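Here is a short note to read alongside the structure.

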Amino acid sequence: MSRPARALINTAALKHNLDIVRQLAPQSRVMAVVKANGYGHGLTLTAHALSDADELGVASIDEALQLRDAGITLPITALEGFFNADEIPLFVQHQITTVIHSRWQVDAIENESAPGAIDAWLKVDTGMNRLGIKKADVSVILERLQKCSLIANVGLLTHLARADEPDVDATAKQVAHLKEIPNKNNIPISIANSAGIVAWPNSHHDLVRPGIMLYGGSPVKNKSAADIGLLSVMTVQSELIAINQQNKGDAIGYGGEWICPEDMLVGVVAFGYGDGYPRHAPSGTPVIISGARVPLIGKVSMDMITVDLRNIDAAVGDVVELWGDHLAIDEVAKCAGTISYELMCQITDRVQRIASVE
Ligand SMILES: *Cc1c(COP(=O)(O)O)cnc(C)c1O
């Protein structure tokens with residue numbers, strides 16, 4: 001038996017969450033975003049499970065080629081486009097759709113002589129102020145792309161900065177901003193990430209781009225994943241590898257900050273920040289043992305955490321859930337001062353990913 005740290009990946013839950021996207025955005029095509037190793041769930045594993053999506057979204061040509069190598073034939077978009085002109089022939093050869101976010105990319109694609117053509121999304125900066133072409137420059141660049149022999153079809157894409165906040169008008173402004181572009185008629189528009197899908201129906205348009213909600217994380221501040229009907233996909237588990245009797249006054253682990261208030265049993269779980277557990281999770285962050293919530297105590301170590309066993313009967317070998325079916329990842333993320341996205345992506349390679357069989 002090897003080290004018990006593992007991530008169970010529920011592919012039926014992935015499919016269920018895709019169905020929720022379809023219900024919320026019934027008029028839109030769906031690009032399932034599987035970048036960053038499928039948000040930590042495994043790139044080809046998630047892509048295969050999401051084969052009912054209309055398209056897939058990744059960050060780079062490298063991720064796209066891994067999918068093509070795995071036999072995935074769905075349309076794939078590289079959401080940051082090409083990082084330098086040398087990559088363009090690969091986009092054409094493997095029919096990967098590119099995002100175009102900067103003028104240098106337009107110049108590069110006009111100068112490329114590879115035979116064939118690819119589709120492109122012109123990324124418009126409507127208020128995120130990160131990547132994209134400003135509104136005033138869009139019309140001219142759009143015309144250049146429409147004339148370019150290497151580009152077959154071009155659409156307009158933008159990304160929402162604050163769609164998770166239902167009471168903020170930034171999202172409505174971003175959506176309106178895109179609509180003001182003069183020659184946008186008859187070309188596809190894509191705006192919504194998960195938060196847009198859940199909270200801003202006006203943002204749906206031709207293509208929605210869900211990421212986090214497919215994996216069972218809530219994309220909005222005012223609703224839990226369960227409120228939206230989303231199921232947890234990744235259940236992260238390990239086991240109790242020791243149970244130790246400690247005495248009143250004993251300091252637990254690095255820094256010695258957590259002091260036993262009485263004689264008590266302390267459990268040691270084989271899962272730490274070397275597995276992707278957030279090191280900033282404070283004492284009190286829950287884990288699940290035998291269906292009960294048990295608080296973390298002391299500092300998170302690389303390979304272990306320690307837990308307070310005063311309120312349960314536990315045995316060495318008991319399964320410990322760090323998050324998943326019985327403990328929402330959003331709750332753990334909140335305790336650790338981060339977001340579910342980061343927890344998912346951080347699960348390291350030494351954690352065995354085990355896909356559920358269907
Ligand atoms: C990552 C990404 C998404 C998915 O965002 P979620 O918040 O996870 O739904 C959508 N669009 C673009 C351009 C992205 O980079």
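1. A crossing is left-handed if the near helix is turned anticlockwise from the far one by less than a right angle, and right-handed if clockwise. Helix 6 passes helix 7 in a left-handed crossing. The contact (heavy atoms within 4.5 Å) uses Arg103, Val106, Asp107, Ile109 and Glu110 of helix 6. Helix 7 supplies Asp137, Ile141, Arg144 and Leu145.

2. This is a predicted model, where local features need pLDDT of at least 70 and side-chain atom pairs 80 or more. Residues are numbered from 1 along each chain, and hydrogens and water are left out of side-chain values.

3. Now the ligand. Which residues are around the ligand? They are Val33, Lys35, Tyr39, Leu79, His159, Asn193, Ser194, Arg209, Pro210, Gly211, Ile212 and Tyr341, each with a heavy atom within 4 Å.

4. Tyr39 places a polar side-chain atom 2.5 Å from a ligand oxygen atom. For Ser194, a polar side-chain atom also lies 2.5 Å from a ligand oxygen atom.

Key:
Helices (H or I, at least four residues) and strands (E, at least two) are DSSP runs, numbered from the N terminus. A polar contact is a pair of N or O atoms within 3.5 Å; within protein, one must be able to donate a hydrogen and the other to accept it, and residues adjacent in sequence count only if both atoms are side-chain atoms.
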